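Subject: Handing over a structure

Hello,

Here is the structure I promised to pass on to you. Please have a look at it first, and then read on for what turned up in it.

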Amino acid sequence: MKSRSQEQSLSDSRELDRSYDPLTGNPPSKPNKKTIKQRFLKLIPCYRSGSSSSSEQSNLTDEAKLSTVCYRPEGLDQLVQQTNFSKKELQVLYRGFKNECPTGVVNEETFKSIYSQFFPQGDSSMYAHFLFDAFDTNNNGSVSFEDFVVSLSIILRGSITDKLNWAFNLYDLNKDGCITREEMTDIMHSIYDMMGKYTYPNMQDSAPKDHVDNFFQKMDRNNDGVVTMEEFLETCQKDENIMQSMHMFDNVI
């Protein structure tokens, strides 16, 4: 028979499991699309309120500015082909990105500073570190405009498979093609530090571990101690809650 402490810990783990999205750590239930747009697009320097209204002159100015920053992104036409954004949307995103990062790139310190604004009572630094690494596809310590919009396109408008692949890459901290228990433990502790103990003050200290146990019980089909991409995709695609969270950012811009 389970003790009251064990039952509370299991309940806490299930509650946290329902309360975070695999991509951002944010609650997936009945999201307000305007709020999601404002919060998500601001968590990385890319969006300014009111930047969506632009005239022809403004668009021409944006094109000219592409060649004046320290780091020059790819041409917008090429990015249109690489992403699911229109040229006009890329111009809006670029304007906001450049306003925040005149050099054309964002480093990890700046990224963490921006992300921390959304979790002022928690410690988001470790989760922001993992998220930054997922955006830093070239592994060079910085995120360029191209890096940013390619990942943002996947998260907001990619197929279910693309989104799950991106999430798997986020969890696979050493990028060796599988998620270990240690990696998932680090992820869960970072989410717990960022929001868990403040959102759920009565949550047991063992909740992150219980969540990891639940993750591997679901995902590790052959019980070899790691979760492969195939196991991750197969399990996620059969989980209604995960599938719902995959749609939470659809068409927010």
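An angle between two axes counts as roughly parallel under 35 degrees, roughly antiparallel over 145, roughly perpendicular from 65 to 115, and oblique otherwise. Please keep that in mind for the helix pairs below. Please also bear in mind that this is a predicted model.

**Overall picture**

The protein chain contains 13 helices and four strands. It has 253 residues, of which 45% count as buried. If you take the contacts between residues at least 6 apart in sequence, 69% of them join residues at least 24 apart.

The largest nonpolar core is made up of 51 residues, and those with the most contacts inside it are Phe 148, Met 184 and Phe 232. Helix α7 (residues 125–135) gives this core its largest share, seven residues. In soluble globular proteins, nonpolar side chains tend to be buried together.

**Helix α8 and its two partners**

Let me start with α8 and α9. Helix α9 covers residues 160–171, and its axis is 8 Å from that of α8, at an angle of about 125 degrees. The two helices are therefore oblique to each other, and their crossing is left-handed. On the α8 side, Ser 151, Ile 154, Ile 155 and Leu 156 take part, and they meet Asp 162, Lys 163 and Trp 166 of α9. By class, that contact consists of four nonpolar residues, one polar and two charged.

The other partner is α5. The axes of helix α5 (residues 87–100) and helix α8 (residues 145–157) come within 11 Å and cross at roughly 125 degrees. This angle makes α5 oblique to α8. Here the crossing is right-handed. From α5 come Glu 89, Leu 90, Leu 93, Tyr 94 and Phe 97, while α8 brings Phe 145, Phe 148, Val 149, Leu 152 and Arg 157. There are eight nonpolar and two charged residues in this contact, and no polar ones.

**Helices α11 and α12**

Helix α11 (residues 207–219) packs on helix α12 (residues 229–237) with the axes 9 Å apart and an angle of about 95 degrees. The pair is therefore roughly perpendicular. Phe 215, Lys 218 and Met 219 of α11 make the contact with Glu 231, Phe 232, Thr 235 and Cys 236 of α12. The residues here split into four nonpolar, one polar and two charged.

**The loop between α7 and β2**

Two residues of this loop may interest you. Asp 136 lies in the loop between α7 and β2 (142–144). With a relative accessible area of 5%, Asp 136 is buried. Beyond its neighbours within four places in sequence, Asp 136 is in contact with Gly 141, Ser 142 and Val 143. Asp 136 and Asp 147 are eleven residues apart in sequence, and their C-alpha atoms are 6.6 Å apart in space.

Asn 139 is also found in the loop between α7 and β2. Its relative accessibility is 67%, so Asn 139 counts as exposed. Its phi is near 55 degrees, a positive value in a residue other than glycine.

Asn 223, in the loop between α11 and β4 (226–228), has a positive phi of about 55 degrees although it is not a glycine. Asn 223 counts as exposed because its relative accessibility is 66%.

Lys 175 is in the loop between α9 and β3 (178–180). At 39% relative accessibility, Lys 175 counts as partly exposed. Lys 175 touches Asn 169 and Leu 170, leaving aside its neighbours within four places in sequence. Between Lys 175 and Ala 134 there is a separation of 41 residues in sequence and 9.8 Å in space, C-alpha to C-alpha.

In strand β3 itself you will find Thr 180. Thr 180 has a relative accessibility of 18% and so counts as buried. Apart from neighbours within four places in sequence, Thr 180 is in contact with Phe 216, Gly 225 and Val 226.

Conventions: Residues numbered from 1 in each chain as written. Predicted model: local features only at pLDDT ≥ 70, side-chain atom pairs only at ≥ 80, totals over all residues. Heavy atoms only, no water. Axes fitted to C-alpha atoms, helices over the stretch in contact; angles between N-to-C directions. Left-handed = near helix turned anticlockwise from the far one by under 90°. Contact = heavy atoms within 4.5 Å. Nonpolar A, V, L, I, M, F, W, Y, C, P; charged D, E, K, R; others polar. Core = buried A, V, L, I, M, F, W, Y, C linked by side-chain atoms within 4.5 Å. Buried < 20%, exposed > 50% of the residue type's maximum accessible area, 1.4 Å probe, protein only.
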